[in-house]
Amino acid sequence: MLRLASYDIVFQEIPGEISLAVNLSNCPNSCKGCHSPHLREDRGEVLDESMIAALIKEYGGAVSCFCFMGGDASPEEVETSALFVKRLGNGNLKTAWYSGMDKLASGIRLENFDYIKIGSYREELGGLSSPATNQRLYRVENGELHDITSVFWKDWRTFAS
């Protein structure tokens, strides 16, 4: 069962998208140096279709992407929820999944997502903004994963002047 610990509108997780990031609890990964260790606990409200619909009704006009942050304990439920978001958004709302697993759960259908991030957090390698990271963010196109991780490695300060 997916549990919603918190949510926020974010700008950095998915390049070029304004995302409603839903933070899911009950993370099984226990990554050393994790920035959200409170998400290891099984807490929060059940994230069901009625809650997803309410979130989309309230924030759908302000966001372009619904981003599941976690959910690795129940990957099939993340996929089912992403499919529901796609149907409810009539193709106007993209879906993303930030998984802390090193491999995508078997049986996950890529067509239910527009973006998928995989990879455990390894403190010595850093997160997506580090060129040394083991984590990868993929854009899903025609059922294939296209690595777009390098977009996080640009120093945007060089463009400001």
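Which of the 27 residues in the largest nonpolar core touch the most other members? In this predicted model, those residues are Val 22, Leu 47, Leu 55, Phe 66 and Phe 68. Two or more residues of the core are supplied by each of the strands β2 (19-24), β4 (65-69), β6 and β7 (136-141), and by the helices α1 (49-59) and α2 (75-88). Helix α1 provides the largest share, with five residues. In general, nonpolar side chains of soluble globular proteins tend to be buried together.

The surroundings of Leu 47 were examined with its neighbours within four places in sequence left aside. Under this condition, Leu 47 is in contact with Leu 2, Arg 3, Leu 4, Val 22, Leu 24, Ile 52, Leu 55 and Phe 68. Among these contacts, Val 22, Leu 55 and Phe 68 also belong to the group of core residues that touch the most other members.

Three aromatic pairs were found in a search of the whole structure. One of them joins Trp 97 and Phe 113, whose ring centres lie 5.6 Å apart. The planes of these two rings meet at 25 degrees, and the pair is therefore classed as stacked, the limit for stacking being under 30 degrees. Distant parts of the chain are linked by this pair: Trp 97 lies in strand β5 (residues 94-98), whereas Phe 113 lies 16 residues away in the loop between β5 and β6 (115-118). Both partners are buried, Trp 97 with a relative accessible area of 1% and Phe 113 with one of 2%.

Technical notes. Residues numbered from 1 in each chain as written. Predicted model: local features only at pLDDT ≥ 70, side-chain atom pairs only at ≥ 80, totals over all residues. Heavy atoms only, no water. Phe/Tyr/Trp six-rings, centres within 6.5 Å; stacked < 30°, edge-to-face > 60°. Helix = DSSP H or I, 4+ residues; strand = E, 2+ residues; numbered from the N terminus. Buried < 20%, exposed > 50% of the residue type's maximum accessible area, 1.4 Å probe, protein only. Core = buried A, V, L, I, M, F, W, Y, C linked by side-chain atoms within 4.5 Å. Contact = heavy atoms within 4.5 Å.
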